[in-house]
Amino acid sequence: VIGAGLAGLSAARDLTAAGADVLVVEARDRIGGRIHTSRLWPDLPVDLGASWIHGTKGNPLTSLADDAGARRVATSYDAAIMLGPDGSEIEPDMGPAETILEDAIAEASDRNRDISVQEALAASRGWKGASSEDRRLVSHLVNASLEQEYGGPASRLSAWHGDDAEAFGGADVLFPDGFDAITVHLAEGLTIATGKAVTKIAPRAVTLADGTVLSCDKVVVTVPIGVLKAGAIVWSEPLGKARSDALKTLEMGLLNKCWMRFSETVWPDDVDWIEWVGPREGQWAQWVSLARTLEAPVLLGFHAGQQAADLEKLDDRATTALAVEALRAMFGSSFPEPVAAQVTRWGQDRLSLGSYSFNAVRTDERTREALYGADWDGALWFAGEATMRDYFGTAHGAVLSGRRVARDIARAK
């Protein structure tokens, strides 16, 4: 099994339980992949990758968290405030903005070809007739509900299929002690080799960066599609055409985090979410506060899509300075400097090259279905969040894909 993220660990766990002799090979010096809990602050773990179980009812992560004994704390979208450019609290009527976006998507569905959400908006009747204020709210809505959710920029996100993902019911919950409780639990009893990058895969043979060749009956590839698209792994034989086409079409989205810790909470301590309809679209527009849930003076700022890619070009100091500038615009010039900060750059991480896949223009459920499954007469299998039609781009989708591939391999014997 190539990759010790949620998909790889889930596949390996179920294959092992079925009696297979399994080796998990991981390029990083840690397990988890895009689950990465930082303990740079020893008294306060923070998740640099996935943070939430999104919807606890029926979600496979819920039972895994129960089995792992992992603490969870619910966050609420109702515990939220929205601020205008000058920091004043606003309660705009989002109805017209929602209607403009919904109508634009509906109009795009009548076209004979897929276009991006951005193109659909620009061509829509509602956008053309909207006031500047409504347009700003529409742009905020696109960033908050689509770009932040799927990681893809509106200029690339499919108007037909960009919002196709399904969701579980129930609350969204954080892990106060770190999401890695799940990966540690999944890894129990498995044989895992970390720090071993795979450079070539052939039928029944895997070549590592140090030249070592591992013999095997089957290979399950669960690495992010960003890495596969970059050609980091060489295939000794061509992949099936549908799978190759799917890899070319699917794209990797980007969601980055800026965690900032303060000496005290100097913002409203009764909210989980802070939205800022600031002067620059998509920049420092969404924040999570840990003041209510964990009584911790910590803020988490998000950037997605193109804004995230642009911000990655800056170092930690410059990124934090921009965050403080935004917070002072929101809460006043006396807002303090953080005592510490942690910043992610998933697009520059050579072992992920992005955060998670999204449905770009001309991508649909068939694209993901083509990526999943067997090649080379059953010697090569693919899994991971990108192979999930309904749960792509999610931690639970990764788990479900790993379980699915283990089940299908067992059935194919």
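The exercises below work through selected parts of a predicted model.

Residues are numbered from 1 along each chain as its sequence is written. In this predicted model, local features need pLDDT of at least 70, side-chain atom pairs count only at pLDDT 80 or more, and totals for chains, interfaces and linings use all residues, while side-chain values use heavy atoms, with hydrogens and water left out.

**Exercise 1. Leu9**

Find the element that holds Leu9, decide whether Leu9 is buried or exposed, and list its contacts.

Step 1. Leu9 belongs to helix α1, residues 6–17. Helices (H or I, at least four residues) and strands (E, at least two) are DSSP runs, numbered from the N terminus.

Step 2. The relative accessibility of Leu9 is 0%, so it counts as buried. Buried means under 20% relative accessible area, exposed over 50%, and partly exposed in between (1.4 Å probe, protein chains only).

Step 3. Contact means heavy atoms within 4.5 Å. Leaving aside neighbours within four places in sequence, the contacts of Leu9 include Ile31, Thr183, Leu186 and Ala187.

**Exercise 2. Helix α7**

Step 1. The buried residues are Asp180, Ile182, Thr183, His185, Leu186 and Ala187.

Step 2. Their cover includes α1, β2 (37–38), β3 (46–47), α2 (60–68) and β9 (191–193).

Step 3. After α7 comes Gly189, with a positive phi near 85 degrees.

**Exercise 3. Salt bridges**

Which residue forms a salt bridge with Asp375, and which residues are joined into one network with Arg389?

Step 1. A salt bridge is a side-chain nitrogen of Lys or Arg within 4 Å of a carboxyl oxygen of Asp or Glu. The structure holds 20 of them.

Step 2. Asp375 pairs with Arg243, and their closest N and O atoms are 2.8 Å apart. Asp375 is in strand β22 (residues 373–375) and Arg243 in helix α9 (residues 241–249), so the pair ties together parts 132 residues apart in sequence. Both Asp375 and Arg243 are buried.

Step 3. Arg389 forms a salt bridge with Glu369, with closest N and O atoms 3.3 Å apart. Arg389 also forms one with Asp390, at 3.4 Å between the closest N and O atoms. Shared partners join Glu369, Arg389 and Asp390 into one network.

Step 4. The relative accessible area of Arg389 is 41%, so Arg389 is partly exposed. Glu369 is partly exposed at 40%, and Asp390 is partly exposed at 24%.
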